[in-house]
Amino acid sequence: MFNLFKKKEPQKQESPFPALRYHLVGNAQINEWPQGDADGLPWALFVEARRKLMAKDNAGAEKVYRQIVETPGLESRHYLQAWLFMRYLLKIQPPVEIAKKVYGVTVEVCTPTGVMLVAGYEDHHARSLHSSGGGVFWEKPDNSLNDKIDALIQAGQSAVNAIPLVLVDMMPNPPKQMDFILICIATPNGLYHGLGNGDFMSKDAYAGPIVSASTDLLQSLQSLKK
């Protein structure tokens, strides 16, 4: 199960994507989503909400963020960002019926050459990144990875529904101990997460399916590079 995660490279390097991690789970800072002004939806709405917040028009900002989360067909990370800004800046919690809806799952593993990350989203986008360099950004050019991404999202949803995972607003630091795995499950409520060594996580009733599904997705993403 972990052979791909443990693939050895010649030299360990520092991670080139520490800030990018936060963008992968809807954890970007308000001045980064987007940077500066932007046209087109939903970017223009995020800019508008930011301006209202700076003007202390919290009611106006809330109205714009609610427009974002109620707009169908957006990228999953936009919904996560809008709910983060509402929770963190406006102290508004999502309604119970959508609070635990899983929009994305990331799995990070500490390997001999750094951290490997794979992410899958409810909109069928996916990412893989390695701190030694390289990665794959899947923007759903076709439906070939839908089943693998769905398996990861469903495994995350099962865990969130069944067990009292730790919930935070901001993404925890990546794992630093060899073979340790960090799972983050992104919802309107925030990030549900768990950390443990590979042996424990792979045998756990709820973490195991997430690790297995993420490995399958990672293998498919890596094969695209070839």
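Trainee: What is the relative accessible area of W43?
Mentor: W43 has a relative accessible area of 29%, so W43 is partly exposed. Buried means under 20%, exposed over 50%, and partly exposed in between, with a 1.4 Å probe and protein chains only.

Trainee: And what sort of model is this?
Mentor: This is a predicted model: local features need pLDDT of at least 70, side-chain atom pairs count only at pLDDT 80 or more, and totals for chains, interfaces and linings use all residues. Residues are numbered from 1 along each chain as its sequence is written, and side-chain values use heavy atoms, with hydrogens and water left out.

Trainee: How many aromatic pairs are there?
Mentor: The count is 6 aromatic pairs. Rings of Phe, Tyr and Trp (its six-membered ring) pair if their centres lie within 6.5 Å; planes under 30 degrees apart are stacked, over 60 edge-to-face, and the rest tilted. W43 and F46 have ring centres 6.4 Å apart and planes at 45°, so they are a tilted pair.

Trainee: F46: buried or exposed?
Mentor: F46 is buried, at a relative accessible area of 1%.

Trainee: What about Y65 and F85?
Mentor: Y65 and F85 form a tilted aromatic pair, 5.8 Å centre to centre with 45° between the planes. The pair links distant parts of the chain, with Y65 in helix α3 and F85 in helix α4, 20 residues apart. Y65 is buried at 0% relative accessibility, and F85 is buried at 4%.

Trainee: Which residues do ring pairs link into a cluster?
Mentor: The cluster consists of W33, W43, F46, Y65 and F85.

Trainee: Switching to helix packing. How do α2 and α3 cross?
Mentor: Their axes come within 7 Å and cross at roughly 165°. Axes are lines fitted to C-alpha atoms, for helices over the stretch in contact, and angles run from 0 to 180 degrees between N-to-C directions. α2 is therefore roughly antiparallel to α3; angles under 35 degrees count as roughly parallel, over 145 as roughly antiparallel, 65 to 115 as roughly perpendicular and the rest as oblique.

Trainee: And α3 with α4?
Mentor: The axes of α3 (residues 58-69) and α4 (residues 76-90) come within 9 Å and cross at roughly 155°. These two are therefore roughly antiparallel as well.

Trainee: Which residues of α3 and α4 meet?
Mentor: N58, A61, E62, Y65, R66, I68 and V69 in α3 meet H78, Y79, A82, W83, F85, M86 and L90 in α4, where contact means heavy atoms within 4.5 Å.

Trainee: Where are the cis peptide bonds you flagged?
Mentor: One runs from W33 to P34, with omega near 0°. Another joins L41 and P42, with omega about 5°. P34 is in the loop between α1 (18-24) and α2, and P42 is in the loop between α1 and α2.

Trainee: What is phi for K140 and D179?
Mentor: Phi is near 55° for K140 and near 70° for D179. Most residues other than glycine have a negative phi. K140 lies in the loop between β4 and α6 and is partly exposed at 32%. D179 lies in the loop between β5 (166-168) and β6 (180-187) and is partly exposed at 28%.

Key. Helices (H or I, at least four residues) and strands (E, at least two) are DSSP runs, numbered from the N terminus.
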